[in-house]
Amino acid sequence: MLGGYWAAAARGELVVQQCAACERVQWPPRDTCGRCGPAELRWLPVAGTGSLFTWTVVHHTTVAAYADALPFAVGAVELDDAPARMLGRLRGAPPEELEIDMPLEVAFEPVAPGIALPVWQPAGGGPR
Ligand SMILES: [Zn+2]
């Protein structure tokens with residue numbers, strides 16, 4: 001079900017799920033439209049900008065790849081152009097500098113060949 005999402009991320013594009021019948025945007029993705037039920041669902045590109053709704057700080061991880069990044073924040077980002085809040089790791093600002101409603105932009109971190117993970121960083125700053 002999420003193949004289109006990950007394919008878009010690998011291209012550096014953020015997408016949300018949209019019903020082809022009623023055009024309702026839904027996030028997180030589901031197998032059916034929350035309004036129509038069974039329907040064709042497609043992937044709608046979004047700008048990749050939003051604001052920080054809330055976050056938590058991770059001080060311990062069992063994932064070796066993230067051990068050097070500790071502590072890091074994981075946030076819920078309210079998208080500017082779609083009714084969706086996406087979860088993702090926050091980078092480019094230490095956790096103590098995070099603020100509710102701060103503007104963020106998505107970036108894509110390659111984690112394996114052909115796979116990129118969307119992460120969020122302060123708008124207008126940081127490496128992409
Ligand atoms: Zn629908």
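**Strands, loops and a nonpolar core**

D101 sits in the loop between β6 and β7; strands here (E, at least two residues) and helices (H or I, at least four) are DSSP runs, numbered from the N terminus. Although D101 is not a glycine, its phi is positive, at about 75 degrees. D101 counts as exposed because it has 9 C-beta neighbours inside 10 Å. In these terms, a residue is buried if 20 or more other C-beta atoms lie within 10 Å of its own, exposed if 12 or fewer, and partly exposed in between, with C-beta atoms placed from the backbone. The model is a predicted one, in which local features need pLDDT of at least 70 and side-chain atom pairs count only at pLDDT 80 or more, while totals for chains, interfaces and linings use all residues. Residue numbers start from 1 along each chain as its sequence is written.

With 11 C-beta neighbours inside 10 Å, E23 is classed as exposed.

Now for the strands, where two of them pair if DSSP finds at least two bridges between them. β2, β1 and β3 form an open sheet of three strands, in that order, with antiparallel pairing. β2 (25–26) and β3 (41–45) are at the edges with a single partner strand each, so one side of each has no neighbour in the sheet. Five bridges hold β1 (residues 15–19) against β3 in the antiparallel sense, and Q17 faces W43 of β3.

G34 is partly exposed, because 13 other C-beta atoms lie within 10 Å. Setting aside neighbours within four places in sequence, G34 is in contact (C-beta atoms, placed from the backbone, within 7 Å) with R24 and Q26. From G34 to G48, 14 residues along the chain, the C-alpha atoms are 23 Å apart.

Further along, P71 belongs to the loop between β4 and β5, and a cis peptide bond links L70 to P71, with omega about -15 degrees. β5 (residues 72–79) then pairs with β6 (residues 85–90), antiparallel, over six bridges. A hairpin of five residues connects β5 to β6, and G75 has G88 in β6 as its bridge partner.

β7 (residues 103–112) runs antiparallel to β4 (residues 49–58), with three bridges between them; S51 is opposite P103 of β7. β7 also pairs with β8 (residues 115–122) in the antiparallel sense, this time over eight bridges. Two residues separate the strands in the hairpin of β7 and β8, where G114 has a positive phi near 80 degrees.

What about the inside? The largest nonpolar core has 18 residues, and L14, V15, V46, V77, L79 and W120 touch the most other members. Such a core is a set of buried Ala, Val, Leu, Ile, Met, Phe, Trp, Tyr and Cys residues joined through C-beta atoms within 7 Å. α1 (3–10), β1, β4, β5, β6 and β7 are the elements that give two or more residues to this core. L79 is in contact with V46, G50, A84 and M86, leaving aside its neighbours within four places in sequence.

Notes. Contact = placed C-beta atoms within 7 Å.
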